[in-house]
Amino acid sequence: MPRACLLLVLDGLGDRSHASLGGLTPLQAAATPHLDALAAAGANGLYHAARLGQALPSENAHFAMFGARPEEFPGRGYLEALGLGLAPGPDEVCLLAHFCNAVAEAGCLRLWRDKPEAPSPGEAEALFSAVATFSFEGVDIRLHRDKGLFGVLTMSGDVSPEVTDTNPMVDGLFLPEPEPMAAAGRAAARTARALKAYLLYARRVLRGHPVNAAREKAGLAPINALVTQRAGQKKTMPSFRERFGLRPASIASGTLFAGIARGLGFDLLPARDTADPGADLAERLGLAARAVADYDFLHVHTKAPDQAAHTKDPLAKKAVIEALDAAIGRAAGPLLADPDVLFVVTSDHSTPSSGPLIHGGEPVPLCFHGPGQRVDAVRRFDEVAAAAGCLGLVRGVELPYLIVNGLERARLVGIRDCPAPPASYPGPVNPFRLEEP
Ligand SMILES: [Zn+2]
């Protein structure tokens, strides 16, 4: 009986068919003998973390994979603030923010270079310092630096996260005006006004900043606007352990995944990113093999397929997938041979490596490998072969429930062994006292 689950998430793995790959997806076209062996020995299916056709970002998809309901999602801005080590209270709003290059046109701003040529660390620090604080109508604003030109904006006062993004995400599009969301109240209107005043202030400061005078002299695009998106706010919700009764840890890199881990009560075993995604994954699987005795649920994550897809080169994504498969071959052996481990492989969403979409709404392959798992006729790990598997189409929070079931700890629905029963059985029981003197 498996005691612990390793959930391997190959971020953005799903894709579409491409003429440059003979009509196959990058995963179908890639040579993946180790993932295929897993599929052949396990139970297969498709997974979508929300509704079919919805294009999800990693944060919403991971919240579902970790059992949280959509209404509990606190917004990416809040999660990244947690990942930076901030502790925003429920009276604060957090937004993703980054510097970019924009051009004025018809009295508005058009995003020209979402990612202008990187400044030196000292120059980036100078830009962040120049617009670090601002106040407007009782709203206090602070900009916190993450990496490069990216950071998190926190707004405190009578504020609301119900405001529009000002980052259009795609070069060539106009920046949207900060506005309260439809049907939002007065706090959202105030938040939008304060955000607008701050972004105008930031633009004035940036345009006159010596860093930009030097860049223009050197023929580089000026870093002359700040854009924001995905406002969030702290929400109260059960931790992963409270919800499922499993001790969780996450082996991942990046601010967002640090924030997701902190937000849902996972231990974070930080991983590094090098230029070699295969070596990075092998290192993460090695760390998982050493840590598996201490946890019931290990999330092992790599962003590499998603990043390759965003270059819009299906061949680059195929190469990354092959490198990850080789890493699984090198490093996952002890975990796959361990009868205590339920090994689950899937992805959080599809990322099409051609076309205009940022992410796609197709489901991704899912494989459960471990003692007691049904073995179906699927022999390959890919988006099409998986559809013939015995798991069928798994959606949203069904995935963590299937994992608890795979660990042979599924609670019989209705059993109350404690006041807040987790999905696993037994719960944290208070033993019956005899009350004898
Ligand atoms: Zn992506």
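1. A residue counts as buried if 20 or more other C-beta atoms lie within 10 Å of its own, and as exposed if 12 or fewer do. Keep that cut-off in mind for this predicted model. Take A64 as a test case. A64 lies in helix α3. It has 23 other C-beta atoms within 10 Å, so A64 is buried.

2. What does A64 touch, leaving aside its neighbours within four places in sequence? The contacts of A64 are A49, A50, G396 and V397. Now look from A64 to D171. These two residues are 107 apart along the chain. Their C-alpha atoms are separated by 30 Å.

3. Next, helix α4, residues 76-83. Several elements cover them. After α4 comes G85, which has a positive phi, near 95°.

4. Now the sheet. Strands of a sheet pair through backbone hydrogen bonds, either parallel or antiparallel. Here, eight strands form an open sheet with mixed pairing. Follow the order in the model: β10-β9-β11-β1-β12-β13-β2-β14. Which strands stand at the edges? They are β10 (267-268) and β14 (392-395). Each has a single partner strand, so one side of each is left without a neighbour in the sheet.

5. Look at the β14 end in detail. Strand β2 (residues 43-48) runs parallel to β14. Four bridges join the two strands. Within this pairing, L46 stands opposite L393 of β14.

6. M169 is found between β7 and α6 (186-207). A183 is found in the loop between β7 and α6 too. M169 is not a glycine, yet its phi is positive, about 70°. A183 is not a glycine either, and its phi is also positive, about 70°. Are these residues buried or exposed? M169 has 11 other C-beta atoms within 10 Å, so it is exposed. A183 has 7 C-beta neighbours inside 10 Å, so it counts as exposed too.

7. One peptide bond also calls for a look. The bond from Y425 to P426 is cis. Its omega is near -5°. P426 is found in the segment after α14 (398-406).

8. The chain is divided into domain 1 (4-73 + 236-406) and domain 2 (82-232). Over C-alpha atoms, the centres of the two domains are 32 Å apart. How many residues does each domain bring to the contact? Domain 1 gives seven and domain 2 gives five. On the domain 1 side, three residues are nonpolar, three are polar and one is charged.

9. Finally, the largest nonpolar core. This core has 122 residues. Those with the most contacts inside it are C5, L6, L285, L298, L324, V344 and I403. Both domain 1 and domain 2 give residues to this core, so it lies between them. V344 shows some of the packing. Leaving aside neighbours within four places in sequence, V344 is in contact with C5, L6, L7, L8, C367, F368 and I403.

Conventions. Residues are numbered from 1 along each chain as its sequence is written. This is a predicted model: local features need pLDDT of at least 70, side-chain atom pairs count only at pLDDT 80 or more; totals for chains, interfaces and linings use all residues. Two strands pair if DSSP finds at least two bridges between them. Two residues are in contact if their C-beta atoms, placed from the backbone, lie within 7 Å. A nonpolar core is a set of buried Ala, Val, Leu, Ile, Met, Phe, Trp, Tyr and Cys residues joined through C-beta atoms within 7 Å. Domain bounds come from an automatic or database domain assignment. Ala, Val, Leu, Ile, Met, Phe, Trp, Tyr, Cys and Pro count as nonpolar, Asp, Glu, Lys and Arg as charged, and the others, Gly among them, as polar.
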